[in-house]
Amino acid sequence: MRSRVVLAAAVLLAVVACSGTPSRPAADGAPGAPPLGTNGAQAPAPAWEACGGAFQCATVTVPLDYRQPSGGTIDLAATRLPATDRAARIGTLVVNYGGPGTPATSSLRRLAGRFDGLRARFDIVAVDPRGTGSSAPVACAPFGGDRVPAPVGLARTPAFWASAAEPGRACLAGTGERLRHLSTANAARDLDLLRQGLGEDMLSLYGYSYGTYSAATYANLFPGRTRAMVLDGSLDLVANATGAPDTERVPVDVRAGVSAAWEEAFGVALDRCAATPTCPLGPDARARATDAVAAAGPSSAELVARIDRALQTEGRLPGLMRTLAVRAPSAPPSGGRVPLPEVPWAPEHSPSYLAIQCTDSVTPSSADMDAAVVAEQAAHPIVGASTALNHAMCVDWPAIDPDRYLGPWNAPLPAPALLVNSRYDPTTPLVDARAAASQLSAGHVLVVDAIGHTTLDAPSRCAADAYTAYLLDPGSAMPDQCPAGV
């Protein structure tokens, strides 16, 4: 799912994306234009081998650069669960678990039960996208480990922006030329090459969070090869790529409305607690929660990080309310409310996240980002600054993929996409799913009346029944809403 990992320190990071000009790929072979398809690359024939339980694994070799399909190659890791009813098999369902940067193969092993209703009819396949997991992962020389630290410093000074630029230079030094070829568009080309190797005419797609952007990119590069598509916790496709007209100089998560969605989810959670006689925060839950954050002072980053984690799934909310009650002052502050800290928390990201996100999206300049911080902090005091700077490390990212895809998103599809979204998703807001549905040639939005990020964190039997029925028959009628707890 789309990463929003939080570092408990009073420093800021960012994750928006990088500069570039929107363009629709031209036909294969057009000079100076990205290849629309796989440009004559040889399709791999996966040699599946048993790798535990019912799972099969294979290594898939693809071109590093689709402009030079006979040149250098990279190896991708793939895992599949074969359909159990081979006679009634429909085809292949490809699952992307988001991030960007989340390894899909290991996620499928953990979460395969989500697709029990489809196991008979589909081969379920997961591929670690290029640059992630076991598929030629990104390496950032000076940092090591799985995470890249946030830029250092409370103020957006030249030193802050110099610190923000360090990961890009480090990843280029550690990964080399490969860093320039890690766009979601190239991952989509890899997927279509795999489709050819599998002998499939079309693929069905299921994407969680950032995986929705991956699925939509494939569907627009290869619309005639997309049988059906479920977008679970969808990004606003235009906002993630370039921004709508007049918003290009706004950071990605600001143009996606993430701060407002986060505040709405938190507010609803607090109101639901306040409506119960056993709420640890009492009937004035919103005010006491704000007091708890303000009273935390320098440790507010840790507390806001905990709030963010709890908002991803409703099961964590009761524990959050108890924590806030302990941290809140026993009496209202004298002399008025204590102001919230200016810099409450700092996201951090994996090298793979940065390498993909920073090439997929158009990122504003540091000056534009600074201006957005001031406005967003004023409008959303708890998370506004963090939202605006969530992609600070993408400013001047040194390796933009020339073959990335920035839209348009309305290529004709054989069947409308199904977009499943929590009503109160703090990371991929419902408004973004509705926007994506309008940007695609056709889409149906199914709202799960829950707080949480995707159906992985806000499970719904109603939603599972709906996406199962849709994938079995994309022409089936879909509900508009799934009630809470159903």
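Which helix gives the most to the lining of the largest cavity? The model is predicted, so that local features need pLDDT of at least 70 and side-chain atom pairs count only at pLDDT 80 or more, whereas totals for chains, interfaces and linings use all residues. Residues are numbered from 1 along each chain as its sequence is written, and side-chain values use heavy atoms, without hydrogens and water.

The structure holds 3 cavities of 30 Å³ or more. A cavity is a set of points, on a 1 Å grid over the protein atoms alone, where a 1.4 Å probe fits but cannot get out; lining residues have an atom within 4 Å of a point. The largest cavity has a volume of about 250 Å³, a volume being the space filled by probe spheres set on the points, which are joined across faces, edges and corners.

Its lining comprises 22 residues, of which Val94, Asn96, Ala187, Leu191 and Ser214 lie nearest the centre. Helix H3 gives the most, with 5 residues. Strand E5 (91-96), helix H3 (184-198), strand E7 (203-208) and helix H4 (210-221) each supply at least two lining residues. Helices (H or I, at least four residues) and strands (E, at least two) are DSSP runs numbered from the N terminus. By class, the lining has 15 nonpolar, 4 polar and 3 charged residues; Ala, Val, Leu, Ile, Met, Phe, Trp, Tyr, Cys and Pro count as nonpolar, Asp, Glu, Lys and Arg as charged, and the others, including Gly, as polar.

Elsewhere, Phe266, Gly267, Val268, Leu270, Asp271 and Ala274 in H7 meet Ala285, Arg286 and Ala289 in H8, contact meaning heavy atoms within 4.5 Å. These contact residues divide into 6 nonpolar, 1 polar and 2 charged.

Methods:
On a 1 Å grid over the protein atoms alone, a cavity is a set of points where a 1.4 Å probe fits but cannot get out, and a pocket is an open set with protein on both sides within 12 Å along at least five of seven lines; lining residues have an atom within 4 Å of a point.
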